[in-house]
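These are my notebook entries on one protein chain. I set down what I looked up, entry by entry.

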Amino acid sequence: MKKYICIDIGGTAIKHSVIKENGEIITMSQIDTEASKGGLSILEKAKNIIRNYITEHKVEGICVSTAGMVDPKEGKIVYASSLIPNYTGVEIKKELEKEFDIPCEVENDVNCAGLGEYWLGAAKDSHSCVCLTIGTGIGGCVIINGKVIHGFSNSAGEVGYMLINGCAFQDIAATSKLVEKVAIRKNLSKDSINGKIIFDLAKKGDVDCIEEIDNLVDNLALGISYIVYVINPEVVVLGGGIMAQKDYLKERINKALKEKELNERLESEIIDISLPGTKYNYGTIHPINETMELMKNIFSKMGFDIVDG
């Protein structure tokens, strides 16, 4: 059974694994990104990961999931925030294929998360889905008929920048803003509190935490409603660390959406929540399967690919 090296480059950690074509994880680990050292440092870390793996495993390809705006055809970073200096323009695919002579594909991390959900997760067997990751910001992925929609300039799904009542969606509905608002209400440093603490306090009846979670849920539902009215997906999947609170959030989010009359107007709409896990790894496999002539033997029953628009 064919094997792949999968690397997920985030702002805090680089997670990496070797995965079989059926999704079985053979080995998995992570290292610190040390983002402040810049894009070339990250590229060298990726090379070191691959060097270590290929001494023990024969792999068919290298699959990279990364933060930033990605040109999936060229396999390069077309835009990255200042959190990772000098990452914009890094040609990951070109550099890794040159170094190792192994086919490599690169995709945006949220798109990979969406592909993972489509393959093995909450959006499995759906006709269309939107995957949102809720964390420091909000990222989005749109999959229709099994195809990731990249848009004209590879920026489709950048819903965190969508304006809602004059504010960016991620400025009113991301986990980071929940922490910030609770810290202000309680006169605490943001570093002294986190999402888990806030939800633990809310479950014990803390009014400040309950009210701010309710505000976040309402804003999240409003943003989801905008997306649904445009795309009308069969499934909306919510991911990110905060979704570990699935039991607390799911009913509240669906209630907020019902109040916006979405359930009556869009009867097929289902809001599901993905628990934090390893599906990013599954999603990274798909771009490489599409661009290599391996589709006859790998995932052919899924029949989906990566497209530009």
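**Entry 1: a residue in helix α3**

Is N111 buried or exposed? I note at the outset that the model is predicted. I looked up the relative accessible area of N111 and found 5%. Buried means under 20% relative accessible area, so N111 is buried. I then located N111 in helix α3. Leaving aside residues up to four places away in sequence, I found that N111 touches G140, C141, V148 and H150.

Helix α3 spans residues 109-120 and lies across β1 (3-9), β4 and β7. Its direction is at about 95° to β7.

**Entry 2: the chain as a whole**

I next recorded the totals. The protein chain has 10 helices and 15 strands. Of its 309 residues, 52% are buried. Among contacts between residues at least 6 apart in sequence, 64% join residues at least 24 apart.

In which order do the strands of the open sheet stand? I read the order as β3-β2-β1-β4-β7, with 5 strands and mixed pairing.

Strand β4, residues 61-66, pairs with β7 in the parallel sense over 5 bridges. Here I found C63 opposite E105 in β7.

**Entry 3: two helices that cross**

Two packed helices are described by the angle between their axes and the distance between the axes. I looked up both for helix α5 (residues 175-186) and helix α7 (residues 207-231). Their axes come within 10 Å and cross at roughly 150°. I noted the crossing of α5 and α7 as right-handed.

Which residues make the contact? From α5 I listed T175, L178, K181, V182, R185 and K186. From α7 I listed D208, C209, E211, E212, I213 and L216. Sorted by class, the contact of α5 with α7 has 5 nonpolar, 1 polar and 6 charged residues.

**Entry 4: salt bridges**

Side chains of opposite charge can pair when their charged atoms come close. How many salt bridges does the structure hold? I recorded 18 salt bridges, and I looked at some of them in turn.

I began with K177 and E180, whose side chains meet in a salt bridge at 3.3 Å, N to O. Both residues lie in helix α5, 3 residues apart, about one turn of the helix. K177 is partly exposed at 22% relative accessibility, and E180 is partly exposed at 26%. I also found a network: salt bridges that share partners join R185, K186, D206, D208, E211 and E212.

The next pair I looked up was E24 and K20, with a salt bridge of 3.5 Å, N to O. E24 has a relative accessible area of 40% and is partly exposed. K20 is also partly exposed, at 25% relative accessibility.

The last pair in this entry is E60 and K58, with the closest N and O atoms 3.4 Å apart in their salt bridge. Is K58 buried or exposed? At 65% relative accessibility, K58 counts as exposed. E60 counts as partly exposed, at 22% relative accessibility.

**Entry 5: a tyrosine in helix α8**

I turned finally to Y248, which is found in helix α8 (residues 246-259). Its relative accessibility is 10%. Y248 therefore counts as buried.

Which residues does Y248 touch, not counting those up to four places away in sequence? I listed F199, A202, K203, I210 and I213.

Technical notes:
Residues are numbered from 1 along each chain as its sequence is written. This is a predicted model: local features need pLDDT of at least 70, side-chain atom pairs count only at pLDDT 80 or more; totals for chains, interfaces and linings use all residues. Side-chain values use heavy atoms; hydrogens and water are left out. Axes are lines fitted to C-alpha atoms, for helices over the stretch in contact, and angles run from 0 to 180 degrees between N-to-C directions. Helices (H or I, at least four residues) and strands (E, at least two) are DSSP runs, numbered from the N terminus. A crossing is left-handed if the near helix is turned anticlockwise from the far one by less than a right angle, and right-handed if clockwise. Contact means heavy atoms within 4.5 Å. Ala, Val, Leu, Ile, Met, Phe, Trp, Tyr, Cys and Pro count as nonpolar, Asp, Glu, Lys and Arg as charged, and the others, Gly among them, as polar. Two strands pair if DSSP finds at least two bridges between them. A salt bridge is a side-chain nitrogen of Lys or Arg within 4 Å of a carboxyl oxygen of Asp or Glu. Buried means under 20% relative accessible area, exposed over 50%, partly exposed in between (1.4 Å probe, protein chains only).
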